[in-house]
Amino acid sequence: MNSIIKNTALALGLTLVGAAPFAMAAGDATAGKAKAAQCAACHGADGNSPAPTFPKLAGLGEKYLAKQLMDIKSGEREVPQMIGQLDNFNEQDLQDMAAYFASQPMQLAGSEAISVMLNSGESVDGLMLGRELFRAGNPETGVPACMGCHSPTGIGNAPAGYPRLSGQYAQYVESQLKAFRAGTRTNDGDTRVMRTVAKQLSDAEIKALANYVAGLTD
């Protein structure tokens, strides 16, 4: 395989998948470190959350993170656990926090050897299916290759606002893809890029993709 999957047990999780272009003044990572102190309990002091209940924020990209924080504060993106958490922060505060978390290295959650059952009833290797979807998509159902926006190594495209996926908790990625598919997460912009893609993914494909990117390194 061209990609190395780090097979480790998942550690004790805003990723966040998909973003629309978003422009703001650059944040101050140094100032953001102090402002992000209250985030540590759930997301870790450096943005590497200790549990998959909360997503890793480290290294996701400043533009993407800033948009998510703004959307959560405004209510455009509904995250029950975040209600009221950002009320006392202004836009510059949120940009600074985004800059801080974006500057931190993400620790890989790790992939696992899994089998998934397709709609046909066939059981297949989950890592292989995830790799195929990430790199080539599924032409039969109109699913594009994830690496087109999120890069071949899964590190995303920070200037464009597309987040890093590699290393994120599989459980979190899976939940967000399902939220886009169900239409309960809608902050992917007018192009509806993530909702359009996720609508074409089966449960098995979502699980395989999420597990694959959790350990993707190169």
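I began with Asp-87, which counts as exposed because its relative accessibility is 53%. The cut-offs I used are these: buried is under 20% relative accessible area, exposed is over 50%, and partly exposed is in between (1.4 Å probe, protein chains only). Asp-87 sits in the loop between helix 3 and helix 4. I then checked Asp-87 against Ser-74: they are 13 residues apart in sequence and 9.2 Å apart in space, C-alpha to C-alpha.

I noted the ground rules. This is a predicted model, where local features need pLDDT of at least 70 and side-chain atom pairs count only at pLDDT 80 or more, while totals for chains, interfaces and linings use all residues. Residues are numbered from 1 along each chain as its sequence is written, and side-chain values use heavy atoms, with hydrogens and water left out.

**Overall layout**

I looked up the secondary structure next. The protein has nine helices and two strands. Helices (H or I, at least four residues) and strands (E, at least two) are DSSP runs, numbered from the N terminus. Along the sequence the pattern reads α-α-α-α-β-β-α-α-α-α-α. Of the 218 residues, 50% count as buried.

**First listed site**

Which residues does UniProt list for "binding site"? One set in the unreviewed entry is Cys-39, Cys-42, His-43 and Met-82. UniProt positions are given in the numbering used here, feature names are shortened, and annotations may be inferred rather than shown by experiment. These four are spread over 44 residues of sequence, yet they cluster in space, with a largest C-alpha distance of 11.6 Å.

I took Cys-39 from this set. Cys-39 lies in the loop between helix 1 (29-35) and helix 2 (40-43). Cys-39 counts as buried, at 15% relative accessibility. I set aside its neighbours within four places in sequence; Cys-39 is then in contact with Gly-44, Met-97 and Phe-101. Contact means heavy atoms within 4.5 Å.

Then I took Met-82. Met-82 lies in the loop between helix 3 (62-74) and helix 4 (91-102). Met-82 is buried too, with a relative accessible area of 15%.

**Helix 4**

Met-97 and Phe-101 touch Cys-39, and both are among the buried residues of helix 4. So I checked the helix: nine of its twelve residues are buried, so helix 4 is largely enclosed by the rest of the structure. The buried residues also include Asp-93, Leu-94 and Tyr-100. They pack against helix 1 and helix 3.

I checked the length of helix 4 as well. At 1.5 Å a residue its twelve residues should span 16 Å, and its end C-alpha atoms are 16 Å apart, which agrees. The expected span is 1.5 Å times one less than the number of residues.

**Second listed site**

UniProt's unreviewed entry also lists Cys-146, Cys-149, His-150 and Met-194 for "binding site". They span 49 residues in sequence, yet no two of their C-alpha atoms are more than 12.0 Å apart, so they gather at one spot.

Cys-146 is in the loop between helix 5 and helix 6 (147-150). At 16% relative accessibility, Cys-146 counts as buried. Not counting residues up to four places away in sequence, Cys-146 touches Leu-133, Phe-134, Ser-151 and Leu-209. Met-194 lies in helix 8 (residues 193-199). Met-194 is buried, at 8% relative accessibility.

**Helix 5 and helix 9**

At what angle do helix 5 and helix 9 pack? Helix 5 (residues 126-136) and helix 9 (residues 203-214) pack at an angle of about 90 degrees, with their axes 7 Å apart. That makes helix 5 roughly perpendicular to helix 9. Axes are lines fitted to C-alpha atoms, for helices over the stretch in contact, and angles run from 0 to 180 degrees between N-to-C directions. Roughly perpendicular covers 65 to 115 degrees.

The contact includes Leu-133 and Phe-134 of helix 5 and Leu-209 of helix 9. Cys-146 touches these three residues.

I looked at helix 9 last. Ten of its twelve residues are buried, so I noted it as mostly covered. Leu-209 is one of the buried ones. The buried residues of helix 9 pack against strand 1 (115-117), helix 5 and helix 7 (170-182). Its twelve residues should span 16 Å at 1.5 Å a residue; the end C-alpha atoms are 17 Å apart, which agrees.

Technical notes. Parallel < 35°, antiparallel > 145°, perpendicular 65-115°, else oblique.
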